[in-house]
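User: I'd like to learn how to read a protein model, feature by feature. Could we start with the spaces inside?

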Amino acid sequence: MTELPKTFDPAAIEQHWYAHWEANGLFRPDRPGAEPWTIVNPPPNVTGSLHIGHALDNTLQDILTRHARLKGKDAMWVVGTDHAGIATQMVVERNLAKDGVKRTDLGRDAFVDKVWAWKAESGGQITGQLRRLGCSMHWANERFTMDEGFSAAVLKVFVDLHKQGLLYRDKRLVNWDAGLGTAISDLEVETREIQGKFWHLTYPLADGSGTISVATTRPETMLADMAVAVNPADERYTALIGQTVKLPITGRLIPIIADEHADPELGSGAVKITPGHDFNDFEVGRRAGIEARDMLNMLDAKARIVDCGGVPEELIGLDRFAARTRIVDMLEEAGALERVEDRVIQTPYGDRSGVVIEPWLTDQWYVDAKTLAQPAIEAVRSGAIHLVPKTWEKTFFNWMENIQPWCVSRQLWWGHQIPAWFADDGQIFVAETEAEAQAQAGEGVPLTRDPDVLDTWFSSALWPFATLGWPENGDATLGGRYPNDVLISGFDILFFWNARMMMQGIHFMGDVPFKTLYLHGLVRAADGAKMSKSKGNTVDPLGLIDKYGADALRFFMAAMESQGRDIKMDEKRVEGYRNFATKLWNAARFCQFNGIGGSTTLEPPVATHAVNKWIVAECVATVQAVDLALAEYRFDAAANAIYQFVWSRFCDWYVELIKPVSNGEQRGTIDDETKAVAGWTLDQILVLLHPFMPFITEELWHGLSERDHDLIVGHWPMPDARALDPAASKEIDWLIRLVSEIRAARTELNVPPGARLPLHVRDSGDLTTDRLVRQQAVIARLARVDLTVGGSTGGAAQVVVDEATFVLPLEGVIDLDAERARLTKAIAAAEKERDALGGRLSNASFVERAKPEAVEKARADHADKMAEAARLHAALGRLG
């Protein structure tokens with residue numbers, strides 16, 4: 001055992017301990033017969049790097065994993081990465097573009113080889129960063145959604161769902177990204193507010209009896225209009241229902257139909273219906289009896305105009321936005337443009353391509369999500385899956401009960417290629433291998449494989465069981481690891497990933513994928529704004545780790561994680577938790593310097609001194625609080641319980657209370673009982689704190705004593721109520737209150753720090769008198785007072801603790817009149833500010849119009865001024 005360095009340096013220990021843990025297999029220690037405990041990580045994109053949301057998500061997972069491991073469970077944190085079809089393909093295409101190469105120049109197979117080569121060289125960035133955060137993942141079983149075993153699971157699921165009629169090919173509207181040339185999920189659509197226009201058009205009735213007005217933000221789509229809808233209750237149009245209008249420019253005839261989608265209060269009350277280019281219109285068209293195969297499509301895959309019936313030659317091949325300009329001119333020339341108004345429009349953009357998303361009618365593969373959703377809904381209703389916080393249940397049920405078919409095909413080259421083969425006559429053969437498909441089609445029938453790949457969410461939905469060896473492992477519980485114990489996830493992927501894991505897990509495994517789903521909020525900028533690169537308000541977690549250490553960032557994340565609330569990023573708090581680590585380090589150095597080492601027993605040592613009985617009881621209470629908080633997934637409560645115990649109870653008070661008193665040049669000593677209790681308590685702190693701050697705790701664990709095991713595989717404290725001594729605890733709590741009150745009085749009344757004061761006591765009962773006798777030396781040392789028998793004369797400050805009044809004579813120590821004047825003036829100033837802030841907060845206009853952060857600051861300042869005024873009143877009251 002070597003002496004602990006004077007200064008705590010996170011960088012000096014983090015890399016060493018992580019490498020040690022991983023090299024020695026301690027993230028998955030050999031524990032035959034132990035209770036399995038399993039969690040899977042939301043697989044980050046292989047293209048990704050650690051962002052602040054990852055730091056939160058993975059910190060919470062690691063806390064639970066390390067806690068379970070310390071509890072003696074066979075804890076396994078499944079780790080892996082997602083192939084991230086679109087994101088990865090874009091990265092590799094950009095790299096090729098630097099050399100003037102397009103993927104189409106290479107061909108599919110050669111391009112996919114390039115992607116695999118890129119992954120081998122650059123795809124592991126985020127896994128290295130997760131190691132820096134301290135994540136104790138089971139790297140020996142690291143998975144990738146495109147590895148051989150996982151791919152086999154994906155193919156089996158696709159084929160089985162198709163055989164069961166739950167996966168099919170259909171023509172429907174999708175979010176089409178014309179920049180990438182593929183369908184994308186709702187999650188990949190970013191809605192932006194743009195300054196646009198609202199064009200009011202007039203369509204002539206076919207019989208020449210008049211016109212009907214419609215309005216649109218996308219006038220070019222009128223080329224594919226198939227109806228005009230009016231509300232059946234709108235008496236203005238009752239007589240027109242069933243008649244036809246003649247479309248300007250194309251001359252096509254379309255019907256006027258009745259549908260409640262048309263809002264009589266909006267615009268003219270009549271709306272143009274373009275089923276092939278609007279999601280709402282698609283449903284209106286189907287209700288009107290228009291089959292998807294008959295819906296008009298006026299755009300190609302690059303969002304250029306195609307002839308869908310009567311389209312003028314000059315428009316064919318134009319980009320949709322160039323066509324918009326020309327069509328507006330043509331409508332105006334035809335007298336069909338009634339008016340144009342400026343309007344802010346919610347517009348969908350591809351989050352990666354940055355182009356406007358087009359609802360586009362195309363043939364895609366779909367999963368019957370409605371059927372698969374029913375067991376998942378029941379699992380949450382029955383409590384088989386617990387949603388934490390429970391407030392998310394309403395949102396979950398609302399979405400799942402109205403779920404739409406899930407489009408699972410993507411027009412990419414990188415990903416799981418769909419296991420379907422087409423014959424020349426249009427027949428489709430679905431099989432896990434081409435040989436099986438050929439056997440279905442018959443010998444000699446030419447087959448062409450579907451070039452599309454599967455949506456990334458389709459494969460990641462299998463994560464809780466495909467990572468554990470399914471389908472090769474036929475064990476229904478996968479060695480007791482299915483269902484997983486808990487899943488930690490951001491609420492923003494509740495439907496895209498969490499719900500789909502529920503659907504696939506229940507369907508293929510016959511049980512829920514996880515017992516508890518914990519949904520955390522977002523990490524926001526300090527002002528509460530959502531972080532984004534465009535705003536320039538993102539925070540690099542690796543920069544924070546470099547500056548303050550991984551332990552400080554982890555503790556910040558845990559302490560700020562309150563159920564149902566977002567986290568506001570606050571670097572000062574991260575710095576504060578680095579200071580917390582430093583305080584613990586210094587306390588450990590004090591212990592080491594005074595011959596206090598690690599404990600040799602899990603049970604608390606025998607204690608006879610009140611101070612030792614008190615700290616043991618405080619430790620037991622903290623263990624109970626942390627256990628309860630973690631069982632309820634209240635990470636903030638767990639972190640704050642540890643923080644208060646370590647900072648206030650152990651460092652601020654216990655260490656001070658047991659400090660040996662120096663007599664001249666001879667240093668005082670700490671008795672063996674106190675050494676044993678202090679060492680045991682410090683060990684309990686290191687174990688309790690380890691899930692939150694693994695690096696400093698492991699370093700101190702080994703720095704304090706020679707150990708036969710690492711802390712990561714230590715033993716979680718077992719709270720034992722037999723260790724509690726209420727009388728001793730009450731005595732030390734009384735001592736702390738007394739010393740705190742005396743110190744507060746000295747500070748508030750500007751008593752010089754070095755001044756030693758007499759302390760008189762009156763109205764003291766037998767209990768207080770006995771305590772004063774036992775604790776006299778400690779009170780004298782910590783409060784810089786000398787207990788004096790008899791009353792006091794002259795000006796003095798008074799402190800009341802329980803029934804006794806303690807008097808501090810101040811004549812000749814401070815100017816009492818000047819101090820009263822100062823306090824009176826300070827009280828008036830504090831109350832004036834308090835009342836001014838209270839007035840602003842009671843002003844409804846201020847609360848409604850001010851920014852939320854300004855209102856929040858006003859409330860905080862008001863509370864501070866109230867507390868300040870109360871404190872100053874108390875100080876003045878001490879002077880009598």
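Predicted model: local features only at pLDDT ≥ 70, side-chain atom pairs only at ≥ 80, totals over all residues.

User: How much space lies in the largest cavity, and which residues line it?

Analyst: About 70 Å³ of space lies in the largest cavity. Its lining is made up of Leu602, Pro604, Cys619, Val620, Val623, Trp680, Gln684, Pro717, Met718, Pro719 and Asp720. The largest share, three residues, comes from H19.

User: And pockets? What can you tell me about the second largest pocket?

Analyst: A pocket is open, whereas a probe placed in a cavity cannot get out. The second largest pocket holds about 1,100 Å³ of space. Its lining has 43 residues, and Phe198, Thr216, Thr217, Arg218 and Asp278 lie nearest the centre. Strands S7 (189–204), S8 (211–216), S12, S13 (337–350) and S14 (358–367) each supply at least two lining residues, and so do helices H8 (279–287) and H9 (320–333).

User: S12 is on that list. In which sheet does S12 sit, and in what order do the strands come?

Analyst: General idea to begin with: strands of a sheet pair through backbone hydrogen bonds, either parallel or antiparallel. Here, four strands form an open sheet in the order S10-S11-S9-S12, with mixed pairing. S10 (244–246) and S12 (270–273) are the edge strands, each pairing on one side only. From one strand to the next, the twist averages 30°.

User: How many bridges join S10 to S11, and which way do they run?

Analyst: Three bridges join S10 to S11 (residues 253–258), and the two strands run antiparallel. For an example you can find on screen, look at Lys246: its bridge partner in S11 is Leu253.

User: Last one: how do I read a nonpolar core?

Analyst: In soluble globular proteins, nonpolar side chains tend to be buried together. In this model, the largest nonpolar core has 143 residues, and Phe650 and Phe692 touch the most other members. Helix H20 (residues 635–658) gives the largest share of this core, 14 residues. Apart from it lies another core of 61 residues, including Ala369, Trp463, Leu494 and Met502.

User: Which residues does Phe650 touch, leaving out those up to four places away in sequence?

Analyst: Phe650 touches Ala587, Cys591, Ile615, Phe645, Val655, Ala678, Thr681, Leu682 and Ile685.

Terms used. Residues numbered from 1 in each chain as written. Heavy atoms only, no water. Core = buried A, V, L, I, M, F, W, Y, C linked by side-chain atoms within 4.5 Å. Buried < 20%, exposed > 50% of the residue type's maximum accessible area, 1.4 Å probe, protein only. Contact = heavy atoms within 4.5 Å. Pairing = 2+ DSSP bridges. Axes fitted to C-alpha atoms, helices over the stretch in contact; angles between N-to-C directions. 1 Å grid on protein atoms, 1.4 Å probe; cavity = no way out; pocket = protein on both sides within 12 Å on 5 of 7 lines; lining within 4 Å. Points joined across faces, edges and corners; volume = space filled by probe spheres on them.
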